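Please look at the chain below and consider how its parts are put together.

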Amino acid sequence: MIEIGNAFWNETEQNGLAGIVADLRPDGRLITASGHEFVNFSCCSYLDLDSHPKIIDGAIEALKRFGVLDHCISRIRLQLPALLELEASLSSLFRARVISAISASAATAGILPILASGYLTGGVRPTMVFDKNCHFSMNLYKPVCGDESLVVTCPNNDVNFIEDLCKSHQRVAYVTDGTYSMGGHVPIKDLLALQQRYGLFLYLDDSHSLSIVGEHGEGYVRSEMDEVDPNTIIVATLNKAFGTSGAAIMFGPDGPEVGKILERFGGPLAWSQPMNTAAIGASLASAQIHRTPELAQRQRRLQENIELFDRLVVTEQAGNKFPIKLVTIDDSRVVQCGKTLYENGFYVSPVFFPIVARDSAGLRVMLRAGNTSEEIKRLCELIREFVS
Ligand SMILES: *Cc1c(COP(=O)(O)O)cnc(C)c1O
């Protein structure tokens, strides 16, 4: 993987598309020390909340209110009220029992081994089915889960494959993204039907749709469920559209009990640092924005920008209402195309193996609520020249 992937990274860096250092200007554009100005079209802050003045103020105010960045002691033993305040706010916002983590990756590292141990499935070690397309942060724990239980990989979104396993194994847990980083999402209705029928456990990382989907930004997966079933855990980073730092873990009614076990035994959730006070303050402010009509306005602007892009450049993701679009360009040209865009004032990251499967390189465009239609039109004009 390194041999193939690193050659691309070297080419990317040599062409000035990696290792860029630039300052963010108040208008959202970026500027390098040598004065090159550009718009970032590969940023996951889809609602542009990351630089929202209320969120910056929230971080500063919380630091002043609590007087410390991180009062370093395990929260099982002693904690400031800060995290509890945030978890209560996110729980009511997302209508689930929410526990925080420093990142979605740390949440997964803590939860998956416990899930594989059978603790969450009535003492029966579940067969762990990982989707072929699930994110690195989950794939990484296959060997750890394999130490506890049987680990299987299924073709992307293959509900029949999962159902067959449910028929022949006492308990099954399906591990994947709620919304995939290269477009598409899980067939949630079918999965919930399997959950009803066979007690399928669902571990879904919905980092890519938090904030951009749902009345209160609860994300695609959560918005498709009335209640969070005891056999479901949803994880989502707060570092993408939510605009802050940290992660939310959403549980059903067993949340408090499971939360305590995770704090005691959940890998980095137990031994590593929690979200710090600045991240908590920023997240409280973002949660507040999620309660106002401003959220829907930003969601709508994002959808308008996605629709505009889809009208101008056809990708496999056209029409799916998610902000990530992969413009496929063959391996030999993808970096040069990225370089031309950058010279014209647009940063779009070239992606290649192992970020995507081999021989499916492309430019990964990420749209944001704050993009102007002029920016999108100009970007699309340039892209159309490469693909024509
Ligand atoms: C971005 C992303 C992550 C990483 O989130 P962190 O909170 O930074 O660990 C994890 N999972 C998925 C699906 C992602 O898209």
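Domain bounds are taken from an automatic or database domain assignment. For this protein chain the assignment gives domain 1 (2-35 + 294-387) and domain 2 (53-289), and the centres of the two domains, taken over C-alpha atoms, are 28 Å apart. This is a predicted model, in which local features need pLDDT of at least 70 and side-chain atom pairs count only at pLDDT 80 or more, while totals for chains, interfaces and linings use all residues. Residues are numbered from 1 along each chain as its sequence is written, and side-chain values use heavy atoms, with hydrogens and water left out.

Where the domains meet, 14 residues of domain 1 are in contact with 18 residues of domain 2, contact meaning heavy atoms within 4.5 Å. Together they bury about 1,200 Å², 68% of it on carbon and sulfur atoms; buried area is the accessible area (1.4 Å probe) that two parts lose on being put together, summed over both. Across this interface the rule finds 0 salt bridges, a salt bridge being a side-chain nitrogen of Lys or Arg within 4 Å of a carboxyl oxygen of Asp or Glu.

A search of the whole structure finds 5 aromatic pairs, where rings of Phe, Tyr and Trp (its six-membered ring) pair if their centres lie within 6.5 Å, and planes under 30 degrees apart count as stacked, over 60 as edge-to-face and the rest as tilted. The rings of phenylalanine 38 and tyrosine 342 have centres 5.0 Å apart and planes at 65°, so this pair is edge-to-face.
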